[in-house]
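Hi everyone, thanks for coming. I'd like to walk you through a model, and I'll begin with a single residue pair before stepping back.

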Amino acid sequence: KIYEDVSQLPGLSYDFIVVGGGTAGNVVANRLTENPNFSVLVLEAGLSNEGVVDSIVPFLLEDFLQQPTYEWNYTSVPQAGLNGRNVANLKAFILGGCSAHNGMVYTRGAMDDYDRFAAVTGDPGWSWNNLLPFFFKNEKWTPPVDHHDTRGQFNPSVHSSEGINSVSLSALTWPEFSHHVIQSTKELPNDWPFNVDMNSGKPLGLGWIQSTIGGGKRSSSAASYLGPEFITRGNLHVLLHAQVSKLVNSNRVNGKITFGGVEFAQGGALFTAKATKEIILSAGSVGTPNILLHSGIGSQKTLSHLGISTLLDLPSVGQNATDHPVFGLGWTVNSNQTQESITQNTTRFNEAFAEWNRSHTGPFTSETTTQLAWLRLDNQMFTSNNFTDPSPGPDAPHIEFAFSPGTLGSTPPGSHTISVGIAVLHPLSRGSVTINSSNPFASPIIDAGFLLEDLDIFTGREGIRKVLKLFNQAPTWQGYLVAPTMDLEDHSDDALDAYIRSTMFPAYHLVSTAAMSAKNAGYGVVDPDLLVKGASGLRIIDASVMPFVISGHTQAATYVIAERGADLVKKAWGPK
Ligand SMILES: Cc1cc2nc3c(=O)[nH]c(=O)nc-3n(C[C@H](O)[C@H](O)[C@H](O)COP(=O)(O)OP(=O)(O)OC[C@H]3O[C@@H](n4cnc5c(N)ncnc54)[C@H](O)[C@@H]3O)c2cc1C
């Protein structure tokens, strides 16, 4: 059941307290309450997702992201790598967390990513092969709303229709643009090979986008894992408007620190919820380190400056923050079949919205990108520039290209554009999430550390060159493209770098701020079972535990961590 007011809760003592009803937290709550003997309370700071149309209708994402009501409204520190620019750090303030406001792109990444997780943690359970059943528990493959023939657009053998979270191919809303993109793989198959399914563990190549959308509606963790068949469980309670400040009632048992509960605020008052078995932090890559630090878990040096007494000296808390830098290239085109035909035409916009309301079909059923490509740079390019290949293995891409029949943000009235978003997938730059106040309700200090390392900007620059070469050399684009919105042809390295630094924005894939490491490692925040090192009864299950950012958008990886994490908890407390 979902509660809005703490006074309605039957009590404040549960077996498990899950902090954060976001992408991962709702998976954990669902899976633990499959056991009728476990009681679970989810504490979510944000608002209800019920009936929030801009979150439900995929095409309205851009509008949704402008709404401060559903945002934590964090600011980040000025970014030295971006000429001191201050970029947004979006984090959703709604049940479902970022799965309720993200771009819905479903990408698992490469097998090499997870095999590297297994290697650095010393736990084969994090390898691709061992995680595949958990991807399948999460995924509910769903037909696209236009029921078009999807043969050759995905590989059914790497998908599951038995999971909980809907994933689908988009309706064929933009056939002209899609034709040119797919045709590129026939005309330049060596540079841009077709990949029938980028979610097979081997993503290299170009293929059709898959999204967390089912029946034309966003499938957030709240809509799926807290769906009507689950939320009616008597042992599953979710309390909204409940912002956790810190872990409380600490004790030391056999040299390990334990916490009896969590303190949270609602309506200006403070309450304590007790956990008799475990506290699970699923507050995300910003929320989780913030709560740890205010609870006295972190670098003793930082905490003592703020007058917070250190219960557990774990200097890695909040460090190692990693996100994907993204920037875009745009062209005007000789066609009116672009998203501007809807966004700049009120009549068509209203018609498309009416169609979605009537039958959940039409252009409003998908987000803006139609295809993605994942490419590697030659090893030679790294060595001749004195870099080491940052990727986890030969099947992992260095760069992502997102093809869209339209441009993010505003375009001049009457223009028709297309764009390619470029993401650097294995940045070396690192930042941090830390605090500069002992007030747990103050905003943490977020620094993604974008483009501090030369390798990251080098990779971005080569991404631009790959796109320019594609549009120059593949005949399909001739006569369709009119002019670039910013001409980067023949630009020097310095000019391309300047373009990237002045236009880059975050992918919002922040991870690794409470990274897992091997049991005996002298760094890291959680062990491979996701238990906080040096603590007992305290686990972290969210995107913050990834030891590295994956070669893809991060929600599928977060879901798989949550599925396996919940399994570890159930095994620890279930029947022996
Ligand atoms: C704008 C945007 C677009 C994105 N697009 C994509 C995409 O297209 N595809 C993709 O794969 N990934 C995408 N991502 C990334 C992906 O959504 C995240 O990596 C993933 O959802 C993180 O899940 P999480 O469970 O770690 O955190 P969240 O989903 O953020 O969950 C954390 C939850 O904890 C709550 N919380 C935080 N602090 C507290 C507290 N103190 N007390 C109580 N509750 C608290 C939050 O309100 C939130 O509900 C995007 C992210 C953003 C922000």
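Let's start with glutamine 243, which stands opposite alanine 265 in strand 14. Before I go on, two housekeeping points. Residues are numbered from 1 along each chain as its sequence is written. This is a predicted model, in which local features need pLDDT of at least 70, side-chain atom pairs count only at pLDDT 80 or more, and totals for chains, interfaces and linings use all residues.

Back to our strands. Strand 13 and strand 14 (residues 256-266) are antiparallel, with nine bridges between them. When I say that two strands pair, I mean that DSSP finds at least two bridges between them. Strands are DSSP runs of E, at least two residues long, helices are runs of H or I, at least four residues long, and both are numbered from the N terminus. Strand 13 and strand 14 make a hairpin with two residues between them, and asparagine 254 in that turn has a positive phi of about 50 degrees.

Now the whole protein. It has 16 helices and 26 strands. Its radius of gyration, taken over C-alpha atoms, is 23 Å, close to the 25 Å that the globule rule (2.2 Å times the number of residues to the power 0.38) gives for 576 residues, so the protein is as compact as a globular protein of that length. The C-alpha trace spans about 70 × 55 × 45 Å along the principal axes. Buried residues account for 53% of the 576; buried means 20 or more other C-beta atoms within 10 Å of the residue's own, exposed means 12 or fewer, and partly exposed is in between, with C-beta atoms placed from the backbone.

Three strands form an open, mixed sheet in the order 6-7-9. Strand 6 (139-141) and strand 9 (210-211) are its edges, each pairing on one side only. Strand 6 runs parallel to strand 7 (residues 165-169) over three bridges, and lysine 140 has serine 166 in strand 7 as its bridge partner.

Two non-glycine residues deserve a look. Histidine 147 lies in the loop between strand 6 and strand 7, with a positive phi near 50 degrees. Is histidine 147 buried or exposed? It has 9 C-beta neighbours inside 10 Å, so histidine 147 counts as exposed. Leucine 451, in the loop between strand 23 (445-447) and helix 14 (454-473), has a positive phi of about 55 degrees. With 23 C-beta neighbours inside 10 Å, leucine 451 counts as buried.

Finally, the ligand. Of the 41 residues around it, Gly20, Gly22, Gly97, Gly103 and Gly287 come nearest; a residue is near if its C-beta atom, placed from the backbone, lies within 6 Å. Helix 1 (23-32), strand 13 (243-253), helix 9 (284-294) and helix 16 (555-573) each supply at least two residues of the shell. Helix 9 gives the largest share, four residues.
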